[in-house]
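Subject: Handing over the structure

Hello,

Here is the structure we talked about. Please open it and keep it beside this note while you read.

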Amino acid sequence: IGLFSSMNWINDEMFYFVAREGDFFQIFQGDLEENIQRLTDESADALYPQKIGETLFYMKRDMSNQTSITSKPWKPTSMSESSDIPHNIIKKSNQQLCFLRMISEEEGFYLQAPTKKTKGLKIDCYEFYCYHMYQNNENEWISQKAFSFKIPSKYIAGSSRLYESLEPFLPNSTSKGRVYFVDWNHELDQFDLYNFNISDHSIEQANESSPCRSKKQNIFSPYITESKIHCGFILQDERFFGQNSFDTINNDHLELPCFEKK
């Protein structure tokens, strides 16, 4: 196996990850003693794994480039054994689905990536759609569009960008009942921060009166700690700074934008 990615820790000793095996990406469990066990074994790519309790959720992309969201019991097996057959939650889609994020065994979010740029007045953008998926009282899985957000193409595409360039802009669903995300404002030429209320599907602007808005500091999606949300930001020369760190240039102290959480 090779091309490792999407590593997540289960505890201090064990973790799970995605790696290429043969023609497809599969999901594996590993530990600090170099023991590797299998979690998937399909003629399809298994991507964006999420361990919730004793259930594995992930996206499956088949040879026709159709993607579905699936689940199966968390049962690591030896590398020589086959794993259980998964159960499809969301039917196959021809759209570019990505970045699955489960917040419980009955609820999660995922993105639909664009296939082309959206032309803007000042700058071209890619528009992403975030979908909310949940299990209803009849144990049926429902998927509906929650919101969309735009990211200028210069931040995520081009010879100087990597696939990981998108990660600082991904919506944050770690706050109970809300999802925080940034969206490009064409008129003000900057990012604005919003929160999506899961219970009533309403959307509010979260940084309307913040100093960052008046100073036109372009911010990333936030990290959330206790009652505060901290946003990294992009300097005028477009160098990226981490969302949970700070740096000093020419003896100037850079303070991270901070907002009160709803």
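Start with E21. Its relative accessibility is 27%, so E21 counts as partly exposed. Bear in mind that this is a predicted model.

**The salt bridges around R38**

What does the side chain of E21 meet in a salt bridge? The partner is R38, at 2.9 Å from N to O. E21 sits in strand β2 (residues 14-21) and R38 in strand β4, so the pair ties together parts that are 17 residues apart in sequence. R38 has a relative accessible area of 3%, so R38 is buried. The cut-off for buried is under 20%.

R38 has another partner. Its side chain also meets that of D41 in a salt bridge, at 4.0 Å from N to O. D41 is partly exposed, with a relative accessible area of 35%. Shared partners join E21, R38 and D41 into one network.

As background, side chains of opposite charge can pair when their charged atoms come close. The count for this model comes to eight salt bridges.

Another of the salt bridges links the side chains of K150 and D183, at 3.2 Å from N to O. K150 belongs to strand β12 (residues 141-152) and D183 to strand β13 (residues 178-185), so this pair ties together parts that are 33 residues apart in sequence. Are these two buried or exposed? Both K150 and D183 are buried.

D124 is found in the loop between β10 and β11. D124 is partly exposed, at a relative accessible area of 23%. From D124 to K150 there are 26 residues in sequence and 9.4 Å in space, C-alpha to C-alpha.

Now turn to β10, residues 107-113. Seven of its seven residues are buried, so β10 is largely enclosed by the rest of the structure. Both of its faces are covered. E107, F109, L111 and A113 are buried on one side. G108, Y110 and Q112 are buried on the other.

Which strands pair with β10? One is β9 (residues 96-104), in the antiparallel sense, over six bridges. Here L97 stands opposite Q112 of β10. A hairpin of two residues joins β9 to β10. The other is β11 (residues 125-135), again antiparallel and over six bridges. In this pairing Y110 stands opposite Y131 of β11.

Strands of a sheet pair through backbone hydrogen bonds, either parallel or antiparallel.

**The four-stranded sheet**

There is an open sheet of four strands too. Its order is β5-β6-β7-β8, and the pairing is antiparallel. The edge strands are β5 (45-52) and β8 (87-93), and each pairs on one side only. On average, neighbouring strands of this sheet are turned by 15 degrees against each other, direction ignored.

Strand β7 (residues 67-73) and β8 pair in the antiparallel sense over four bridges. S71 stands opposite H87 of β8.

**A nonpolar patch**

Which residues make the nonpolar surface patch? They are I1, F4, I36 and M79, and the patch covers about 360 Å². I36 lies in strand β4, residues 36-38. Its relative accessibility is 33%, so I36 counts as partly exposed.

**Cysteines**

How many disulfides are there? The count comes to zero. A disulfide is a covalent bond between the sulfur atoms of two cysteines. Two cysteines to look at are C98 and C125. C98 is buried, with a relative accessible area of 8%. C125 is buried too, at 0%.

**Where to begin**

If you have only a few minutes, I would take two stops. Begin with the network of E21, R38 and D41. Then go to β10, where seven of the seven residues are buried.

Best wishes

Conventions:
Residues are numbered from 1 along each chain as its sequence is written. This is a predicted model: local features need pLDDT of at least 70, side-chain atom pairs count only at pLDDT 80 or more; totals for chains, interfaces and linings use all residues. Side-chain values use heavy atoms; hydrogens and water are left out. Two strands pair if DSSP finds at least two bridges between them. Axes are lines fitted to C-alpha atoms, for helices over the stretch in contact, and angles run from 0 to 180 degrees between N-to-C directions. Buried means under 20% relative accessible area, exposed over 50%, partly exposed in between (1.4 Å probe, protein chains only). Patches are made of residues with over 30% relative accessible area and no salt bridge: like charges are joined within 9 Å, nonpolar side chains (Val, Leu, Ile, Met, Phe, Trp, Tyr) within 5 Å. Accessible areas come from the Shrake-Rupley method with a 1.4 Å probe; for residues, only the protein chains shown count as cover. A disulfide is a pair of cysteine sulfur atoms within 2.5 Å.
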